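User: I would like to learn how to read a structure like this one. Where do we start?

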Amino acid sequence: MNKPAMPNSFRTGPDEQGMFGIFGGRFVAETLMPLILDLEEQWNKAKTDPEFKAELQNLSTHYAGRPSKLYFAEGLTKHLREVSSAKGLGGGAKVYFKREDLNHTGSHKINNCLGQILLAKRMGKKRIIAETGAGQHGVASATVAARFGYPCVVYMGATDVARQSPNVFRMKLLGAEVRPVTAGHGTLKDAMNEALRDWVTNVEDTYYLIGTAAGPHPYPELVRDFQSVIGTEARAQILEQEGRLPDVIIAAVGGGSNAIGLFHPFLDDKDVRIIGIEAGGRGLDGIEHCASMNAGKPGVLHGNRTYLLQNADGQILDGHSISAGLDYPGVGPEHSWLRDSGRVQYEPILDDEALEAFQLTTRVEGIIPALESAHAIAHAMKIVPTMDKDQIVIVNLSGRGDKDVHTVANMLGMEI
Amino acid sequence: MTTRIDRRMAKLKAEGRPALVTYFMGGDPDYDSSLSIMKALPIAGADIIEMGMPFSDPMADGPAIQAAGLRALKGGQTLFKTLKLAADFRAGDDETPIVLMGYYNPIYIYGVDRFLTDAKASGIDGLIVVDLPPEMDEELCIPALKAGVNFIRLATPTTDDKRLPKVLENTSGFVYYVSMTGITGSALADTGKVAAAVNRIKGHTDLPVCVGFGVKTAEQARVIGANADGVVVGTAIVNAVANVLGPKGEKTADPAEAVATLVSGLAQGVRSARLAAAE
């Protein structure tokens, strides 16, 4: 890949065509094009409209429970200092968790859903559709649809319906219709295909509430902007609590919305090392992983050009991850650009490593993290013991892990 | 520069009848059967051949064409083999236009320049790439036009008069009007509305306008063809192939013969279209 020229700021993208370097764009069927242009226009108006901002702010505070806390994970820090000492290093950075798990609905997904439901309302849409992997975005979509009185259809891969049954039930309770998708491996990619088919059919009255910072422009931009509240808060909170910026920030990357939300406000803080964690699944040697930026190549899918897992003929692979939320063969286009520009480093974490982090965090912190977030914690467990005690690491705890207890029990060979 | 598509459309215009444009999936259910199907199409009365390039994630297609693509991929079809199919067909037919239809990623991975060179050498006349709207013309449309390959754009019910000029700007060969907002294989839209839309598009261009999505029977082909310059049939043909496959994908009858029977009927439909309109 050609390295793009180093920009003065990493925070100015996308350009007018919706591109982050060669990534992004609007690769959609003509039927959707007028709608996407309309969405862009409405979004451009909304983001500078004080009334829109005030309404979103009000909902974020009183409905979602923002700001989320920046928590000093003392138990994990202590544990990792012991690990460091045992290795004769005597170090161990301070670990902070950005507690997105404490938001209403239990993950960062509500940030984006509140923003987009207000956009749907402005656009006069009558019906909401969404895709979901782990079900976190499906639940958040069903939640805002219930709150604003919209009918909601959530497309979910049949495999994910089976492994995330608590979330499926939550969506149904919230009044959403969950449509299982059996195509492919029945995961997030297939759910997104089916949501796009619904959208192209019901284009007049339907708003497609995309859950991650991917898809055709302007979705990657607007989802990022709605999620950037994570990084904006975290940056102010660490300055207040520690009097300085962190040394490292870490987040898990599936489509990458929680990660871009944490990263974006820090992109121009040159001394902050930024690490995105991809699902390494059962290892990068085979095809049982979802590390598109470590093991894929650029291609075009779901409306944007980005790193994708694909074969030599350009057919998209299904991938694998223990975590339904990371089980996607692509990634948001801004991450692809940040990867190629070298600003953000992307590393894989294996299923087993995530599982270990899930258990450790539960025991030493009394916090059950989502398996997605456990990938980010697992990487912190690798690097924190090698860092100095006066250094600071922020991990995005993007969601809570109650939804994953069945999967984890299964992996551990237990019955519940 | 005229292409096989231009010449064929001019000839049909002189004959005073619409074109029958037939879509089949390249490599479905296997390479050899697919080549037989392709050869059978013009003999049965198809005027233009659209060959589907299978893709793992066909976002604009209904269940029938999704399944056909997966059968082809399972049978080992690749873009390279799809181009070879065209070349093999060309060895025996240098007149019938061939249009490739599909999604951008396999072409992007093949390499745009290499693809256009190989497509041209294989006798490909036009391209329909669903996920490349005019906003993305630099990707493939402009290079294709430079290479002398028609780039056929889809116009849809959501393409209003303000947007139509942008959609038509770099379109050549013909305009493909999608009869409905939806995926391939859905129910046919109100034919009166389709006729009005075709006339609206003709107000913006001299290019022939072909109508697809939802046309399955000879009668529908006749009604749509009364007004449009061409009628595209896809899902019905793909279903004719699926219908002769057993539960394990084994052939229970000759797919080429099944397709030929269907296409003969459709050909009669389009051939009676203008007679019907004159009545």
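Analyst: Start with pairing: two strands count as paired if DSSP finds at least two bridges between them. This is a predicted model. In chain B, strand 3 (residues 98-102) and strand 4 (residues 126-129) pair over four bridges, in the parallel sense.

User: Which residue of strand 4 is the bridge partner of B:Leu100?

Analyst: B:Leu127 is that partner.

User: How do I read the whole sheet?

Analyst: Strands of a sheet pair through backbone hydrogen bonds, either parallel or antiparallel. Here, chain B has an open sheet of nine strands, with parallel pairing. The order is 5-4-3-2-1-9-8-7-6. Strand 5 (150-151) and strand 6 (154-155) of chain B are the edge strands, and each pairs on one side only.

User: Now the core. What should I look for?

Analyst: In soluble globular proteins, nonpolar side chains tend to be buried together. The largest nonpolar core here has 226 residues. The members that touch the most others are A:Val393, B:Tyr177, B:Cys210, B:Val231 and B:Val259. Helix 12 (residues 255-271) of chain B gives the most to this core, with eight residues.

User: What does B:Val231 touch, leaving out residues up to four places away in sequence?

Analyst: Its contacts include B:Pro18, B:Leu20 and B:Val21. B:Cys210, B:Val211 and B:Val215 are also among them, as is B:Val270.

User: How do I judge the overall form of chain A?

Analyst: Compare its radius of gyration with that of a compact globule. For 416 residues, such a globule would have a value near 22 Å; chain A has 20 Å, which agrees. Along the principal axes, the C-alpha atoms of chain A fill a box of roughly 65 × 50 × 50 Å. Of the 416 residues, 63% count as buried.

User: What makes up the secondary structure of chain A?

Analyst: Chain A has 16 helices and 14 strands.

Note on methods:
Residues are numbered from 1 along each chain as its sequence is written. Chains are lettered from A and ligands numbered from 1 in the order in which they are written. This is a predicted model: local features need pLDDT of at least 70, side-chain atom pairs count only at pLDDT 80 or more; totals for chains, interfaces and linings use all residues. Helices (H or I, at least four residues) and strands (E, at least two) are DSSP runs, numbered from the N terminus. The radius of gyration is taken over C-alpha atoms; the globule rule is 2.2 Å times the number of residues to the power 0.38. A residue is buried if 20 or more other C-beta atoms lie within 10 Å of its own, exposed if 12 or fewer, and partly exposed in between; C-beta atoms are placed from the backbone. A nonpolar core is a set of buried Ala, Val, Leu, Ile, Met, Phe, Trp, Tyr and Cys residues joined through C-beta atoms within 7 Å. Two residues are in contact if their C-beta atoms, placed from the backbone, lie within 7 Å.
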